[in-house]
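This briefing is meant for a reader who is meeting the structure for the first time. Please look over the sequence and the model before going on to the notes below.

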Amino acid sequence: MIEPREATPSGNVLAFLAGALAGAFAVRVLPPVIAQLAGAMRDPFDDLTADHRHFVRLLRSMEESGPDEPVRRTALLLRLKRGLAAHAMAEEDVVYPLLHDEAEVEEEAKQLYDDHGDIKIHMYALERMRKDDPAWRGRVRRLRMIIEDHARQEETVEFPRLRRVLRDGGMTRMAADVQREKSLIL
Ligand SMILES: [Fe+2]
Ligand SMILES: [Fe+2]
């Protein structure tokens, strides 16, 4: 009778490593790839504009929240932080480089990066601030105004400018790349 061969310890280790690698591949690599494929079918500028509306809604809720609602303020701030991180990554790693290289507006692209820096500094201050601080509402309001100005510039000037210079293939590729970047954070 032939005895079934037992897996050697090194075979077990290899099987484990293969499984771990496959798992890591599925978790780390597949979502961005799937997002990239799905994203190619959406209008990236509409998608980014919808994000802007979402941020303003969250900021208004933060402004309206009271000092007796620290948990709500913290939850809203975290939602905003997560959304801004994904949005900023897509713009900073895809949209602004295209503005710089394809639309050839160097100064304008750098100004947009600079605006994101201001937004991050305000977010840091809000994270550090006690959630019942009387200055909360004013700081949120200032952040909302910065984000509204920045979004207006993108929606009315920079996105249309980029839309004009990108050919069909360029738009499809940008749409896919925007979704891939966002999926790395979400
Ligand atoms: Fe932006
Ligand atoms: Fe934006």
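This is a predicted model: local features need pLDDT of at least 70, side-chain atom pairs count only at pLDDT 80 or more; totals for chains, interfaces and linings use all residues.

A residue is called buried here if 20 or more other C-beta atoms lie within 10 Å of its own, exposed if 12 or fewer do, and partly exposed in between.

**Overall fold**

- The secondary structure of the protein consists of 6 helices and 0 strands, so that, by the way helices and strands are numbered from the N terminus, the order along the sequence reads α-α-α-α-α-α.
- Of the 186 residues in the protein, 23% are buried.
- Among the contacts in the protein with a separation of 6 or more, 77% are between residues 24 or more positions apart.

- Helix H3, which runs over residues 70–101, has 32 residues and spans 44 Å from its first C-alpha to its last, which is close to the 46 Å expected at 1.5 Å a residue.
- A bend of about 40° is found in H3 at glutamate 91, and Glu91 is also one of the buried residues of this helix.
- H6 has 18 residues and reaches 27 Å from its first C-alpha to its last, close to the 26 Å expected at 1.5 Å a residue.

**The pair H2 and H5**

- Two packed helices are described by the angle between their axes and the distance between the axes.
- The axes of H2 and H5 come within 10 Å and cross at roughly 170°; because an angle over 145 degrees counts as roughly antiparallel, H2 and H5 are roughly antiparallel to each other.
- On the H2 side, the contact is made by Phe45, Thr49, His52, Phe55, Val56, Leu59, Met62 and Glu63, while the residues of H5 that take part include Val140, Leu143, Arg144, Ile147, Ala151 and Phe159.
- The residues of this contact of H2 with H5 divide into 10 nonpolar, 2 polar and 7 charged.

**Arginine 144**

- Arginine 144 lies in helix H5 and counts as partly exposed because it has 18 C-beta neighbours inside 10 Å.
- Apart from its neighbours within four places in sequence, arginine 144 is in contact with Val56, Leu59 and Glu63, which are among the residues that H2 brings to its contact with H5.
- The C-alpha atoms of arginine 144 and isoleucine 119 are separated by 9.2 Å, although these residues are 25 residues apart along the chain.

**Residues in two loops**

- Arginine 42 is found in the loop between helix H1 (9–39) and H2, and it counts as partly exposed because it has 13 C-beta neighbours inside 10 Å.
- The C-alpha atoms of arginine 42 and alanine 176, which are 134 residues apart along the chain, are separated by 8.3 Å.
- Glutamate 104 is found in the loop between H3 and H4, and it is exposed because 11 other C-beta atoms lie within 10 Å.
- Most residues other than glycine have a negative phi.
- Phi of glutamate 104, however, is near 55°, a positive value in a residue other than glycine.

Methods. Residues are numbered from 1 along each chain as its sequence is written. Chains are lettered from A and ligands numbered from 1 in the order in which they are written. Helices (H or I, at least four residues) and strands (E, at least two) are DSSP runs, numbered from the N terminus. The expected span of a helix is 1.5 Å times one less than its number of residues. The bend at a residue is the angle between axes fitted to the seven residues ending there and the seven starting there. Two residues are in contact if their C-beta atoms, placed from the backbone, lie within 7 Å. Axes are lines fitted to C-alpha atoms, for helices over the stretch in contact, and angles run from 0 to 180 degrees between N-to-C directions. Angles under 35 degrees count as roughly parallel, over 145 as roughly antiparallel, 65 to 115 as roughly perpendicular and the rest as oblique. Ala, Val, Leu, Ile, Met, Phe, Trp, Tyr, Cys and Pro count as nonpolar, Asp, Glu, Lys and Arg as charged, and the others, Gly among them, as polar.
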